[in-house]
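Q: Could you take a close look at one helix for me, and tell me what it packs against and how it sits in its chain? Please spell out the cut-offs as you go.

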Amino acid sequence: LTWRDAGSDDRRIAWLGLAAATVALLALPLVGRVAPLAPGCWLHAVTGWPCPTCGSTRAVAALGRGRIVEALGWNPLVTLVALSGLVFGMAAPAWVLVARRVPVLPRPWPLAVRLLVVAAVVGNWVYLVAAGV
Amino acid sequence: LGLLSGFFRTIGLFVVSPVEGFRRLPATGDLVRPIAFYVILGWFSEAVALLYGVALSSLNIGRMNSEFLRGLPPAVAAMLENQGAYAAASVILAPVKLVVVLLLLSAFFHVLLLVMGGGGGGFKTTVRVVCYAGTARLALLAPVCGGIASIVWAISLWIVGLAEAHRTSYGRSAVAVGVPLLCCCACVATVVFLVFAGLVSMSGLPH
(Lines give C-alpha, C1' and ligand atoms only; values in the text may rest on other atoms or scores of the structure.)
Protein backbone atom coordinates (compact mmCIF):
# COMPACT_ATOMS: atom_id res chain seq x y z
CA LEU A 1 0.00 0.00 0.00
CA THR A 2 1.41 3.38 -1.04
CA TRP A 3 0.06 6.92 -0.66
CA ARG A 4 -0.29 9.83 -3.09
CA ASP A 5 -1.57 13.40 -2.92
CA ALA A 6 -5.34 13.73 -3.35
CA GLY A 7 -6.37 15.33 -6.66
CA SER A 8 -9.53 17.15 -7.68
CA ASP A 9 -11.12 13.90 -8.90
CA ASP A 10 -10.46 12.28 -5.52
CA ARG A 11 -12.29 15.16 -3.85
CA ARG A 12 -15.22 14.77 -6.27
CA ILE A 13 -15.43 11.02 -5.65
CA ALA A 14 -15.31 11.71 -1.89
CA TRP A 15 -18.24 14.17 -2.15
CA LEU A 16 -20.14 11.70 -4.34
CA GLY A 17 -19.53 9.07 -1.67
CA LEU A 18 -20.91 11.41 1.00
CA ALA A 19 -24.00 12.13 -1.13
CA ALA A 20 -24.61 8.41 -1.73
CA ALA A 21 -24.12 7.58 1.97
CA THR A 22 -26.50 10.37 3.01
CA VAL A 23 -29.17 9.17 0.58
CA ALA A 24 -28.75 5.60 1.85
CA LEU A 25 -28.97 6.72 5.50
CA LEU A 26 -32.13 8.75 4.80
CA ALA A 27 -33.82 5.88 2.96
CA LEU A 28 -32.60 3.07 5.24
CA PRO A 29 -35.41 3.26 7.83
CA LEU A 30 -38.01 3.03 5.03
CA VAL A 31 -36.62 -0.09 3.35
CA GLY A 32 -38.66 -2.42 5.57
CA ARG A 33 -41.85 -0.58 4.60
CA VAL A 34 -41.37 -0.90 0.86
CA ALA A 35 -39.80 -4.38 0.95
CA PRO A 36 -43.10 -6.13 0.05
CA LEU A 37 -42.87 -4.49 -3.39
CA ALA A 38 -39.55 -6.14 -4.17
CA PRO A 39 -39.31 -9.18 -6.41
CA GLY A 40 -37.73 -12.33 -4.98
CA CYS A 41 -34.33 -13.75 -5.94
CA TRP A 42 -34.67 -15.58 -9.27
CA LEU A 43 -31.76 -17.93 -8.53
CA HIS A 44 -33.38 -18.99 -5.24
CA ALA A 45 -36.75 -19.39 -6.96
CA VAL A 46 -35.33 -21.54 -9.78
CA THR A 47 -32.75 -23.67 -7.95
CA GLY A 48 -33.78 -23.44 -4.29
CA TRP A 49 -30.22 -22.29 -3.51
CA PRO A 50 -29.49 -18.79 -2.26
CA CYS A 51 -27.37 -16.49 -4.43
CA PRO A 52 -24.30 -14.83 -2.83
CA THR A 53 -26.35 -11.73 -2.02
CA CYS A 54 -29.53 -13.44 -0.83
CA GLY A 55 -30.67 -11.93 2.45
CA SER A 56 -29.42 -8.47 1.41
CA THR A 57 -32.89 -6.93 1.54
CA ARG A 58 -33.58 -8.40 4.98
CA ALA A 59 -30.10 -7.37 6.15
CA VAL A 60 -30.59 -3.79 4.94
CA ALA A 61 -34.07 -3.68 6.50
CA ALA A 62 -32.56 -4.89 9.80
CA LEU A 63 -29.87 -2.19 9.53
CA GLY A 64 -32.67 0.33 9.02
CA ARG A 65 -34.10 -0.76 12.38
CA GLY A 66 -30.65 -0.45 13.95
CA ARG A 67 -30.29 -4.24 14.46
CA ILE A 68 -26.73 -4.86 13.32
CA VAL A 69 -26.44 -8.40 14.75
CA GLU A 70 -29.65 -9.46 13.01
CA ALA A 71 -28.36 -7.92 9.76
CA LEU A 72 -25.11 -9.89 10.10
CA GLY A 73 -27.19 -13.05 10.47
CA TRP A 74 -29.05 -12.43 7.21
CA ASN A 75 -25.92 -11.73 5.12
CA PRO A 76 -22.61 -10.99 6.88
CA LEU A 77 -20.67 -9.87 3.80
CA VAL A 78 -23.34 -7.50 2.46
CA THR A 79 -23.85 -6.06 5.96
CA LEU A 80 -20.12 -5.44 6.39
CA VAL A 81 -19.80 -3.93 2.90
CA ALA A 82 -22.87 -1.72 3.49
CA LEU A 83 -21.54 -0.52 6.86
CA SER A 84 -18.05 0.06 5.37
CA GLY A 85 -19.64 1.99 2.49
CA LEU A 86 -21.55 4.21 4.91
CA VAL A 87 -18.42 4.87 7.00
CA PHE A 88 -16.32 5.48 3.86
CA GLY A 89 -18.94 7.85 2.40
CA MET A 90 -19.28 9.83 5.61
CA ALA A 91 -15.55 10.05 6.31
CA ALA A 92 -14.14 10.42 2.78
CA PRO A 93 -14.56 14.20 2.27
CA ALA A 94 -13.09 14.98 5.72
CA TRP A 95 -10.21 12.57 5.08
CA VAL A 96 -9.40 14.06 1.68
CA LEU A 97 -9.64 17.63 2.99
CA VAL A 98 -7.64 17.06 6.18
CA ALA A 99 -5.14 14.31 5.31
CA ARG A 100 -4.87 15.36 1.63
CA ARG A 101 -3.48 11.92 0.80
CA VAL A 102 -5.21 8.81 -0.53
CA PRO A 103 -4.08 5.17 -0.39
CA VAL A 104 -3.04 3.50 -3.64
CA LEU A 105 -3.42 -0.27 -3.87
CA PRO A 106 -0.95 -2.06 -6.14
CA ARG A 107 -2.35 -2.87 -9.60
CA PRO A 108 -3.00 -5.63 -10.46
CA TRP A 109 -3.84 -6.81 -6.96
CA PRO A 110 -1.41 -9.35 -5.45
CA LEU A 111 -2.63 -12.95 -5.74
CA ALA A 112 -3.11 -13.20 -1.94
CA VAL A 113 -5.52 -10.24 -1.91
CA ARG A 114 -7.45 -11.63 -4.87
CA LEU A 115 -7.76 -15.03 -3.21
CA LEU A 116 -8.87 -13.33 0.02
CA VAL A 117 -11.72 -11.56 -1.78
CA VAL A 118 -12.82 -14.79 -3.50
CA ALA A 119 -12.60 -16.66 -0.17
CA ALA A 120 -14.75 -14.01 1.53
CA VAL A 121 -17.46 -14.30 -1.14
CA VAL A 122 -17.36 -18.12 -1.18
CA GLY A 123 -17.29 -18.30 2.63
CA ASN A 124 -20.27 -15.98 2.84
CA TRP A 125 -22.14 -18.07 0.28
CA VAL A 126 -21.41 -21.30 2.18
CA TYR A 127 -22.78 -19.62 5.33
CA LEU A 128 -25.97 -18.56 3.47
CA VAL A 129 -26.53 -22.11 2.20
CA ALA A 130 -25.83 -23.62 5.65
CA ALA A 131 -28.04 -21.10 7.44
CA GLY A 132 -30.84 -21.62 4.93
CA VAL A 133 -31.21 -17.90 4.17
CA LEU B 1 -23.74 25.35 -28.15
CA GLY B 2 -20.29 23.77 -28.07
CA LEU B 3 -21.27 21.65 -25.08
CA LEU B 4 -24.48 20.56 -26.81
CA SER B 5 -22.72 19.57 -30.02
CA GLY B 6 -20.05 17.77 -27.95
CA PHE B 7 -22.83 15.88 -26.12
CA PHE B 8 -24.37 14.67 -29.39
CA ARG B 9 -20.97 13.89 -30.94
CA THR B 10 -20.18 11.73 -27.88
CA ILE B 11 -23.49 9.89 -28.27
CA GLY B 12 -22.73 9.37 -31.97
CA LEU B 13 -19.26 8.03 -31.23
CA PHE B 14 -20.48 5.46 -28.68
CA VAL B 15 -23.42 4.40 -30.89
CA VAL B 16 -21.46 4.06 -34.13
CA SER B 17 -18.00 3.06 -32.93
CA PRO B 18 -17.90 2.15 -29.23
CA VAL B 19 -14.55 0.35 -29.49
CA GLU B 20 -12.87 3.51 -30.78
CA GLY B 21 -14.74 5.62 -28.24
CA PHE B 22 -13.54 3.56 -25.27
CA ARG B 23 -10.00 3.34 -26.70
CA ARG B 24 -9.89 7.14 -26.80
CA LEU B 25 -10.96 7.51 -23.15
CA PRO B 26 -8.29 9.53 -21.34
CA ALA B 27 -6.47 7.76 -18.51
CA THR B 28 -6.48 11.01 -16.52
CA GLY B 29 -8.76 14.01 -16.48
CA ASP B 30 -11.86 15.12 -14.66
CA LEU B 31 -14.98 13.06 -14.03
CA VAL B 32 -17.43 15.95 -14.28
CA ARG B 33 -18.10 15.58 -18.03
CA PRO B 34 -18.64 11.79 -18.02
CA ILE B 35 -20.92 11.96 -14.98
CA ALA B 36 -22.86 14.91 -16.44
CA PHE B 37 -23.22 12.99 -19.73
CA TYR B 38 -24.49 9.91 -17.85
CA VAL B 39 -26.94 11.79 -15.64
CA ILE B 40 -28.40 14.00 -18.40
CA LEU B 41 -28.88 11.10 -20.82
CA GLY B 42 -30.15 8.79 -18.06
CA TRP B 43 -32.57 11.38 -16.68
CA PHE B 44 -34.07 12.12 -20.10
CA SER B 45 -34.44 8.48 -21.12
CA GLU B 46 -35.82 7.50 -17.70
CA ALA B 47 -38.45 10.25 -17.95
CA VAL B 48 -39.52 9.06 -21.41
CA ALA B 49 -39.59 5.40 -20.27
CA LEU B 50 -41.74 6.31 -17.24
CA LEU B 51 -44.09 8.24 -19.51
CA TYR B 52 -44.52 5.14 -21.69
CA GLY B 53 -45.01 3.02 -18.58
CA VAL B 54 -47.73 5.27 -17.15
CA ALA B 55 -49.46 5.57 -20.51
CA LEU B 56 -49.48 1.81 -21.08
CA SER B 57 -50.49 0.78 -17.58
CA SER B 58 -53.17 3.46 -17.35
CA LEU B 59 -54.87 1.61 -20.20
CA ASN B 60 -54.89 -1.51 -17.99
CA ILE B 61 -55.68 0.19 -14.68
CA GLY B 62 -58.93 1.46 -16.16
CA ARG B 63 -59.94 -2.16 -16.64
CA MET B 64 -59.04 -3.18 -13.09
CA ASN B 65 -62.04 -3.12 -10.79
CA SER B 66 -61.81 -2.11 -7.16
CA GLU B 67 -62.26 -5.75 -6.09
CA PHE B 68 -59.07 -6.71 -7.94
CA LEU B 69 -57.15 -3.81 -6.36
CA ARG B 70 -58.38 -4.82 -2.89
CA GLY B 71 -56.88 -8.28 -3.46
CA LEU B 72 -53.39 -6.86 -3.96
CA PRO B 73 -50.94 -6.03 -1.15
CA PRO B 74 -51.84 -2.50 0.06
CA ALA B 75 -48.51 -1.02 -1.01
CA VAL B 76 -48.88 -2.40 -4.57
CA ALA B 77 -52.49 -1.26 -4.84
CA ALA B 78 -51.57 2.24 -3.62
CA MET B 79 -48.78 2.42 -6.19
CA LEU B 80 -51.12 1.35 -9.01
CA GLU B 81 -53.78 3.85 -7.99
CA ASN B 82 -51.30 6.73 -7.68
CA GLN B 83 -48.82 5.75 -10.36
CA GLY B 84 -48.82 9.16 -12.04
CA ALA B 85 -47.65 10.78 -8.82
CA TYR B 86 -45.13 8.00 -8.22
CA ALA B 87 -43.80 8.42 -11.75
CA ALA B 88 -43.40 12.19 -11.21
CA ALA B 89 -41.52 11.62 -7.94
CA SER B 90 -39.38 8.97 -9.65
CA VAL B 91 -38.41 11.39 -12.42
CA ILE B 92 -37.52 14.12 -9.91
CA LEU B 93 -35.37 11.72 -7.88
CA ALA B 94 -33.89 9.91 -10.89
CA PRO B 95 -30.51 11.76 -10.80
CA VAL B 96 -29.97 10.55 -7.22
CA LYS B 97 -30.72 6.97 -8.23
CA LEU B 98 -28.52 7.28 -11.32
CA VAL B 99 -25.51 8.42 -9.27
CA VAL B 100 -26.00 5.68 -6.65
CA VAL B 101 -26.31 3.04 -9.41
CA LEU B 102 -23.21 4.48 -11.14
CA LEU B 103 -21.13 4.17 -7.97
CA LEU B 104 -22.39 0.66 -7.14
CA LEU B 105 -21.92 -0.70 -10.67
CA SER B 106 -18.46 0.84 -10.96
CA ALA B 107 -17.45 -0.61 -7.58
CA PHE B 108 -18.74 -4.10 -8.51
CA PHE B 109 -17.06 -4.13 -11.93
CA HIS B 110 -13.80 -2.70 -10.62
CA VAL B 111 -13.45 -5.16 -7.74
CA LEU B 112 -14.20 -8.07 -10.12
CA LEU B 113 -11.64 -6.73 -12.63
CA LEU B 114 -9.04 -6.47 -9.85
CA VAL B 115 -9.82 -10.00 -8.68
CA MET B 116 -9.37 -11.20 -12.28
CA GLY B 117 -5.97 -9.48 -12.42
CA GLY B 118 -7.11 -6.49 -14.51
CA GLY B 119 -8.26 -3.00 -13.63
CA GLY B 120 -4.91 -1.41 -14.41
CA GLY B 121 -6.56 1.84 -15.49
CA GLY B 122 -7.85 2.59 -11.99
CA PHE B 123 -11.31 3.16 -10.52
CA LYS B 124 -11.83 6.44 -12.35
CA THR B 125 -11.46 4.65 -15.70
CA THR B 126 -14.17 2.17 -14.63
CA VAL B 127 -16.43 5.09 -13.64
CA ARG B 128 -15.83 6.68 -17.07
CA VAL B 129 -16.68 3.40 -18.85
CA VAL B 130 -19.93 3.00 -16.91
CA CYS B 131 -20.81 6.66 -17.62
CA TYR B 132 -20.32 6.40 -21.38
CA ALA B 133 -21.94 2.95 -21.50
CA GLY B 134 -24.99 4.89 -20.30
CA THR B 135 -25.47 5.62 -24.02
CA ALA B 136 -27.38 2.31 -24.00
CA ARG B 137 -30.16 4.10 -22.12
CA LEU B 138 -31.13 5.60 -25.47
CA ALA B 139 -32.84 2.27 -26.17
CA LEU B 140 -35.37 3.20 -23.47
CA LEU B 141 -36.79 5.66 -25.99
CA ALA B 142 -38.27 2.65 -27.80
CA PRO B 143 -41.56 1.74 -26.13
CA VAL B 144 -42.26 -1.75 -24.71
CA CYS B 145 -39.04 -3.53 -25.78
CA GLY B 146 -36.75 -0.62 -24.86
CA GLY B 147 -35.93 -1.93 -21.38
CA ILE B 148 -34.65 -5.32 -22.58
CA ALA B 149 -32.79 -3.76 -25.54
CA SER B 150 -31.17 -1.27 -23.19
CA ILE B 151 -29.92 -4.02 -20.86
CA VAL B 152 -28.45 -6.09 -23.72
CA TRP B 153 -26.80 -3.01 -25.25
CA ALA B 154 -25.43 -1.89 -21.88
CA ILE B 155 -23.90 -5.33 -21.19
CA SER B 156 -22.08 -5.29 -24.53
CA LEU B 157 -20.87 -1.71 -23.96
CA TRP B 158 -19.63 -2.57 -20.44
CA ILE B 159 -17.67 -5.58 -21.74
CA VAL B 160 -16.14 -3.66 -24.67
CA GLY B 161 -15.53 -0.57 -22.56
CA LEU B 162 -13.81 -2.29 -19.63
CA ALA B 163 -11.61 -4.34 -21.99
CA GLU B 164 -10.56 -1.39 -24.14
CA ALA B 165 -10.21 1.27 -21.46
CA HIS B 166 -8.32 -0.97 -19.02
CA ARG B 167 -6.27 -2.61 -21.83
CA THR B 168 -7.33 -6.04 -20.60
CA SER B 169 -8.79 -9.11 -22.32
CA TYR B 170 -12.43 -9.38 -23.34
CA GLY B 171 -12.65 -12.60 -21.29
CA ARG B 172 -11.71 -10.86 -18.04
CA SER B 173 -14.03 -8.02 -18.88
CA ALA B 174 -16.91 -10.41 -19.62
CA VAL B 175 -16.38 -12.18 -16.28
CA ALA B 176 -16.24 -8.85 -14.44
CA VAL B 177 -19.57 -7.86 -15.99
CA GLY B 178 -21.22 -11.29 -16.03
CA VAL B 179 -20.55 -12.50 -12.50
CA PRO B 180 -22.30 -9.66 -10.66
CA LEU B 181 -25.14 -9.68 -13.15
CA LEU B 182 -25.70 -13.45 -12.91
CA CYS B 183 -25.05 -14.08 -9.24
CA CYS B 184 -25.45 -10.92 -7.26
CA CYS B 185 -27.32 -8.16 -8.94
CA ALA B 186 -30.72 -9.80 -8.73
CA CYS B 187 -30.64 -9.16 -4.99
CA VAL B 188 -28.46 -6.04 -4.95
CA ALA B 189 -30.67 -4.43 -7.60
CA THR B 190 -33.56 -5.18 -5.26
CA VAL B 191 -31.84 -3.25 -2.47
CA VAL B 192 -31.19 -0.29 -4.82
CA PHE B 193 -34.84 -0.46 -5.91
CA LEU B 194 -35.97 -0.47 -2.27
CA VAL B 195 -33.76 2.48 -1.31
CA PHE B 196 -35.17 4.39 -4.29
CA ALA B 197 -38.73 3.35 -3.45
CA GLY B 198 -38.05 4.52 0.11
CA LEU B 199 -36.99 7.91 -1.18
CA VAL B 200 -40.10 8.15 -3.35
CA SER B 201 -42.30 7.26 -0.37
CA MET B 202 -40.54 10.00 1.64
CA SER B 203 -41.87 12.53 -0.85
CA GLY B 204 -45.21 12.33 0.98
CA LEU B 205 -47.13 10.33 -1.58
CA PRO B 206 -49.76 7.94 -0.28
CA HIS B 207 -48.47 4.45 0.48
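A: The buried residues of helix α1 of chain A are A:Asp9, A:Asp10, A:Ile13, A:Ala14, A:Leu16, A:Gly17, A:Ala20, A:Ala21, A:Val23 and A:Ala27; buried means under 20% relative accessible area, exposed over 50%, and partly exposed in between, with a 1.4 Å probe and protein chains only. Keep in mind that this is a predicted model, where local features need pLDDT of at least 70, side-chain atom pairs count only at pLDDT 80 or more, and totals for chains, interfaces and linings use all residues. Residues are numbered from 1 along each chain as its sequence is written, chains are lettered from A and ligands numbered from 1 in the order in which they are written, and side-chain values use heavy atoms, with hydrogens and water left out.

The helix covers residues 8–27; helices (H or I, at least four residues) and strands (E, at least two) are DSSP runs, numbered from the N terminus. Its length checks out, because 20 residues at 1.5 Å each should span 28 Å and the end C-alpha atoms of α1(A) are 29 Å apart, which agrees. The expected span here is 1.5 Å times one less than the number of residues.

Now for the partners. Two packed helices are described by the angle between their axes and the distance between the axes. Within chain A, α1(A) packs with α6(A), residues 76–98, at about 145 degrees, and the axes are 7 Å apart. Axes are lines fitted to C-alpha atoms, for helices over the stretch in contact, and angles run from 0 to 180 degrees between N-to-C directions. This crossing is left-handed, as it is called when the near helix is turned anticlockwise from the far one by less than a right angle (clockwise would be right-handed). On the α1(A) side, the contact residues include A:Asp10, A:Ala14, A:Gly17 and A:Ala21, and those four are also among the buried residues of the helix. From α6(A) come A:Leu86, A:Gly89, A:Met90, A:Ala92, A:Pro93, A:Val96 and A:Leu97. Contact means heavy atoms within 4.5 Å. Sorted by class, this contact has 12 nonpolar, 3 polar and 2 charged residues, with Ala, Val, Leu, Ile, Met, Phe, Trp, Tyr, Cys and Pro counted as nonpolar, Asp, Glu, Lys and Arg as charged, and the others, Gly among them, as polar.

There's a partner across the chains too. The axes of α1(A) and α7(B), residues 123–133 of chain B, come within 12 Å and cross at roughly 65 degrees, and this crossing is left-handed as well. A:Asp9, A:Asp10 and A:Ile13 meet B:Phe123, B:Lys124 and B:Arg128 there.

As for the setting, chain A has 7 helices and 2 strands, in the order β-α-α-α-α-α-α-β-α. Of its 133 residues, 35% count as buried. The C-alpha atoms of chain A fill a box of roughly 50 × 40 × 25 Å along the principal axes. Among contacts in chain A with a separation of 6 or more, 68% involve residues 24 or more positions apart.
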